[in-house]
Amino acid sequence: HNKLMKASAMTFGGLLGYVIGMSIRRPTAELREAVNQLAAGRLDVEVPLTDFPNELGDLARSIAVLQTEARQVEAQRWIKSHQAAIAGDLQRAESPTALAQALLAGLAPLVGLGHGLVYRREAGADRLRRIGAYACLESAQETREIALGEGLVGQCAVEKSALLLDPAPADYVRIG
């Protein structure tokens, strides 16, 4: 009877040790895998265990902070590389029209630009003249000049700031 109790206690102790060990190893392995993925450059991976109220949770939250910083560094690197490429294209432009075209062509694929126009106001003029277009429909191409205050472009020029129409009216600029 004593041997049975000892054997049962040892079996129970072994099982308990195994369960406790797995409760530590499994979360640690999940965290290690997330760190490995982050180190491999996959910055969109979700860091597990950030809601744990223990040391593993503290470590996971610290890794999540590092992940956020790595995302910001990557975004800055992306911006700087594309900014340099666009700046080179702009420096090669020999006219305001070529400058506008280079700017639109460089920005369009980066920001998902579906349609773009660039207008210029001559000194002292009360009109804007279109000097560049990207994916412009025929009707928009015909609008070569806009008076200050006319439409969204003219109003932006008067206010000297961007305006947002959300949602845009149904009969507004159509993308083709």
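Okay, let's start with what I mean by a helix: a DSSP run of H or I with at least four residues, while a strand is a run of E with at least two, and both are numbered from the N terminus. This is a predicted model, so to speak of a local feature I need pLDDT of at least 70, side-chain atom pairs count only at pLDDT 80 or more, and totals for chains, interfaces and linings use all residues. Residues are numbered from 1 along each chain as its sequence is written, and side-chain values use heavy atoms, with hydrogens and water left out.

H1 has 38 residues and covers 54 Å from first C-alpha to last, close to the 56 Å expected at 1.5 Å a residue; the expected span is 1.5 Å times one less than the number of residues. After H1 comes Gly41, with a positive phi near 95°.

What does H1 pack on? The buried residues of H1 pack against H2. Those buried residues are Gly21, Pro27, Leu31, Ala34 and Leu38, where buried is under 20% relative accessible area, exposed is over 50%, and partly exposed is in between, using a 1.4 Å probe and protein chains only.

Now the geometry of that pair. H1 (residues 2-39) and H2 (residues 55-92) pack at about 10°, with axes 11 Å apart. That makes the two helices roughly parallel, since angles under 35 degrees get that label, over 145 is roughly antiparallel, 65 to 115 roughly perpendicular, and the rest oblique. The axes are lines fitted to C-alpha atoms, for helices over the stretch in contact, and angles run from 0 to 180 degrees between N-to-C directions. H1 brings Pro27, Thr28, Leu31, Val35 and Leu38 to the contact, and H2 brings Leu56, Leu59, Ala60, Ile63 and Gln67; contact here means heavy atoms within 4.5 Å. By class that's eight nonpolar, two polar and no charged residues. For the classes, Ala, Val, Leu, Ile, Met, Phe, Trp, Tyr, Cys and Pro are nonpolar, Asp, Glu, Lys and Arg are charged, and the others, Gly among them, are polar.

In the loop between H1 and H2 there's Leu49. Its phi is positive, near 70°, and this is a residue other than glycine. Buried or exposed, then, for Leu49? Leu49 counts as buried, because its relative accessibility is 8%.

On to the sheet. We have an open sheet of three strands, in the order S1-S2-S3, with antiparallel pairing; a pair needs at least two DSSP bridges between the strands. S1 (116-121) and S3 (145-147) are the edge strands, each pairing on one side only. S1 and S2 share six bridges, and Leu117 has Ala133 as its bridge partner in S2. Their hairpin has five residues between the strands, and in it Gly124 has a positive phi near 80°. S2 (residues 127-134) and S3 are joined by three bridges, with Arg129 partnered by Glu145.

What sits across this? Helix H3 (residues 96-111) lies across S1 and S2, at about 50° to S2. Ala100, Ala102, Leu104, Gly106 and Ala108 of H3 are buried, and the buried residues of H3 pack against H2, S1 and S2.

Ala135 has a positive phi of about 50° although it isn't a glycine, and Ala135 is partly exposed at 39% relative accessible area. And the peptide bond from Asp166 to Pro167 is cis, with omega near 0°; Pro167 is in the segment after helix H5 (151-159).
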